[in-house]
Amino acid sequence: MKVSPSIQNLVPYQPGKPISEVQREYGLSRVIKLASNENPLGVSPKVKAAMEQAMAEIHRYPDPGCFELRQALASYWKVPADQIAIGNGSNELIDLLVRIFCEPGEAILTSQSAFVAYAVCAQAARVRVLKTPLTPSFGMDLGAMAKVLREHPAKEDVRLVFLPNPNNPTGTYIKRSDLEEFLQEFGKDPDRLMVVMDEAYTEFVTAKDCPNALELRSRFPALLVLRTLSKVYGLAGLRLGALVAPVGVLDFIHRVRNPFNVNSLAQAAAIAALKDLDFLNSVVLLNTQELQKSYIELEKLGLSVVPSQANFVLFDTHRDAMRVFEELLRRGVILRPVGNYGLPRHLRMSMGLPEENAEAYRVLAEVLPTIPKNP
Ligand SMILES: *Cc1c(COP(=O)(O)O)cnc(C)c1O
């Protein structure tokens, strides 16, 4: 078997540990999963009703163009429907962007400790990954990125810049003024490179100076925007992402993607999910409250928290985080280690229901004194 070295060196994506696996391995009945930024409130009841209705047509192929769903998104986001493409999760769209716009040997640019999908998709497509370090406050360093694009010997090869905003797993965000300055220089010439803003958590944002990239598109033709229905809408299991981009970009997406990449139940569910604004508001409200509590509870435990604009919080355990993670697992609490993001002392905790989060803090308090602090 001849396999490209870049494929041989691929490390498979490490998802959050599934509840059933932890139950089996540790013989536990009750397990709390706060590891994958999933929606603790589930989905809107309207989603289930819409899916049941859609079952009647399950023997038919889905609408390959996601017409109705794109219309719905267009009206909520105030962008033309023909500037929206739907993917099997935003992950598929990231993969397509890299495959379409980067030749093997060319490069993408992102940050260290940025969402891992960009690098995985790039490596699979034999595309190089350039990364700038985080700032001391765990933010993305747009100044350093600009420097790479101006001065790096390989600068001509960078075709795509990926900016998750807010970022996963840090929860930090890019300020509007910093983004605009960056886009003034790099957001205007799609023939040179394109800037992909990944706004998977944008609905959770409360900071007034965090930009909404959709509002910047008219000024910056090289700006592409990714959104997902996996997080605030709770549809992670159905796989639905969206790319908002000029029609010239989407033309290529539609050539390369699988014709039926978004199944009919997912399409029906998404349309129903978008309509239920009450559910959306309750999800955001709960998250905002639980995040505020998390800062207090985690700091009480002597842990250092990175302030978050998303539905999870990153904190420094001041210990070998894998050991903390494993002790928590044995007691039925699944958090997310982020050693693969270069943060071996940190854990990421998704915001669950109030009682789930409280249980996580209780178990953390039990576990932490049993593990030596790192100097
Ligand atoms: C969760 C997440 C996504 C969503 O991925 P899907 O494939 O749409 O489920 C995208 N980007 C970031 C940064 C994420 O954390």
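## A first look at the fold and its ligand

F312 is buried, with a relative accessible area of 0%. Keep in mind that this is a predicted model. F312 is a handy place to start, since this ring has Y201 as an aromatic partner and the charged end of R348 over it. Y201, in turn, is one of the residues around the ligand.

**Rings and charges**

- How many aromatic pairs are there? The count comes to six.
- One of them is Y201 with F312, an edge-to-face pair with centres 5.2 Å apart and 80 degrees between the planes.
- Y201 sits in the loop between β6 (194-198) and β7, while F312 is in strand β10 (residues 312-316), so their pairing ties together parts that are 111 residues apart in sequence.
- Y201 is buried too, with a relative accessible area of 2%.
- F115, Y118 and F162 are linked by ring pairs into a cluster, and F115 also belongs to the ligand's surroundings.
- The charged end of R348 is 5.5 Å from the centre of the F312 ring.
- R227 lies over the face of W77, with 5.2 Å to the ring centre.

**Around the ligand**

- Which residues surround the ligand? They are G89, S90, N91, F115, N168, D198, A200, Y201, T228, S230, K231 and R239.
- Helix α5 (residues 89-101) gives the largest share of this shell, with three residues.
- T228 has a polar side-chain atom 2.6 Å from an oxygen atom of the ligand.
- For S230, the distance from a polar side-chain atom to a ligand oxygen is 2.6 Å.
- K231 has a side-chain N or O atom 3.3 Å from an oxygen atom of the ligand.
- Taken alone, the ligand would expose 380 Å², and the protein buries 93% of that.

- Which residues of helix α4 (residues 67-77) are buried? L69, R70, A72, L73, A74 and W77 are.
- Their cover includes the strands β2 (84-87), β7 (223-228) and β8 (241-244), along with helix α10 (264-275).
- W77 is the residue with R227 over its ring face.
- Just past α4, K78 takes a positive phi of about 55 degrees.

**The S36 loop**

- S36 is found in the loop between β1 (32-33) and α3 (45-54).
- Leaving aside residues up to four places away in sequence, S36 touches G16, R336, R348 and S350.

- Most residues other than glycine have a negative phi, and most peptide bonds are trans.
- Where are the cis bonds? One joins N165 and P166, with omega about -5 degrees, and another joins N168 and P169, with omega about 15 degrees.
- P166 is in the loop between β5 (158-164) and α8 (176-186), and P169 lies in the loop between β5 and α8 as well.
- N168 is also part of the shell around the ligand.
- R126 is not a glycine, yet has a positive phi of about 60 degrees.
- You'll find R126 in the loop between α6 (117-124) and β4 (128-132), partly exposed with a relative accessible area of 39%.
- F138, not a glycine either, has a positive phi of about 70 degrees and lies in the loop between β4 and α7 (142-151).

Terms used:
Residues are numbered from 1 along each chain as its sequence is written. Side-chain values use heavy atoms; hydrogens and water are left out. Helices (H or I, at least four residues) and strands (E, at least two) are DSSP runs, numbered from the N terminus. Contact means heavy atoms within 4.5 Å. Buried means under 20% relative accessible area, exposed over 50%, partly exposed in between (1.4 Å probe, protein chains only). Rings of Phe, Tyr and Trp (its six-membered ring) pair if their centres lie within 6.5 Å; planes under 30 degrees apart count as stacked, over 60 as edge-to-face and the rest as tilted. A charge sits over a ring if NZ of Lys or CZ of Arg is within 6 Å of the ring centre and within 35 degrees of the ring normal. A residue is near a molecule or strand if one of its heavy atoms lies within 4 Å of it. A polar contact is a pair of N or O atoms within 3.5 Å; within protein, one must be able to donate a hydrogen and the other to accept it, and residues adjacent in sequence count only if both atoms are side-chain atoms. Accessible areas come from the Shrake-Rupley method with a 1.4 Å probe; for residues, only the protein chains shown count as cover.
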